[in-house]
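Let's take a walk through this structure together.

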Amino acid sequence: MSTKMDLIEYADSHCHLNYDGLSHKTEEIIRRMKESNVNQALNVCTTLEESKSVLEMAKRHDFIYASVGVHPDYNECQEPSIKDLVTRGNHKEIVAIGETGLDYFRLKGDLEWQRTRFRTHIRAARELNKPLIIHTRNSPEDTIRILKEENARDVGGVMHCFTESLEVAKKAIDMGFLISISGIVTFKKAEQVKHVAKNVNLEHLMIETDSPFLAPVPFRGKTNEPSYVVHVADKIASLKNISVKNVAQHTMDNFLNFIKCAR
């Protein structure tokens, strides 16, 4: 007979419950989360326009938290000021600033506006004393450089959906950032992500779905959701040759420390 001590609980450190594919079936998504013991989740904001709905969902559900930020890919949306982010972020349900960062994969040309936006988010996070959610793709050098220049270590944060090298992971960890592993770790050819997941200590790891994107095997190609984060934990446990309970417990502890308001 199982006891509360035997229960394995998971935290999805990054999902987008307000996105198409998930937003129309919130209660169904939450039911499956509970059935899978996914008892904490961070619903991440990507535009100022959606910040209100993300906050409202966090207010309705005490196990779902929210962030405020503007994704680096979005160049045709309301540009955030420090004041915008601080005003919207000054709620107890808003536990982080982002996602923010740099992405040199999807957009080309002069991307100085991305770097300026990134600095704006870091300055807002420092003013609020809340951690950052960092998106970085094909931009590791500039990402690390700007984090250092803007003293992001003062607030720390998480490198979400991490796909860069172990060397980059170590540089981020040295600045007080966690490394979050997504369902990509279950993909056959994702050797670099597997290498990072295997070699970064549990004390520095979180797990996520980035749902509705990047569904892990065996759901690859389908709409992702927070309940699938258990498959990310399973894969990391396999790579490290440890129990999934160990992975779940450490990543849950790291998540609760990250949000600074464990219930």
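Which residues lie nearest the centre of the largest pocket? They are Arg106, His135, Arg137, Asp210 and Leu214, among the 19 residues that line the pocket. Keep in mind that this is a predicted model, where local features need pLDDT of at least 70 and side-chain atom pairs count only at pLDDT 80 or more, while totals for chains, interfaces and linings use all residues. Residues are numbered from 1 along each chain as its sequence is written, and side-chain values use heavy atoms, with hydrogens and water left out.

Back to that pocket (on a 1 Å grid over the protein atoms alone, an open set of points where a 1.4 Å probe fits, with protein on both sides within 12 Å along at least five of seven lines; lining residues have an atom within 4 Å of a point). About 400 Å³ of space lies in it, a volume being the space filled by probe spheres set on the points. Strand E5, residues 132-137, gives the largest share of the lining, three residues. By type, the lining divides into eight nonpolar, six polar and five charged residues.

(The expected span is 1.5 Å times one less than the number of residues.) The buried residues of H9 include Val247, Phe255 and Ile259, where buried means under 20% relative accessible area and exposed over 50%, with a 1.4 Å probe and protein chains only. After H9 comes Lys260, with a positive phi near 60°.

Helix H6, residues 166-174, has Leu166, Val168, Ala169, Ala172 and Ile173 buried. Because these fall within an arc of 155° seen down the axis, they line one face of H6. (The arc is that of the directions from the helix axis to the C-beta atoms.) Glu167 and Asp174 are exposed on the other side.

Last stop: Val44, in the loop between strand E2 and helix H2. Is Val44 buried or exposed? Val44 is buried, with a relative accessible area of 1%. Leaving aside neighbours within four places in sequence, its contacts (heavy atoms within 4.5 Å) include His14, Ser67 and Ile133.

Definitions and conventions. Helix = DSSP H or I, 4+ residues; strand = E, 2+ residues; numbered from the N terminus. Nonpolar A, V, L, I, M, F, W, Y, C, P; charged D, E, K, R; others polar.
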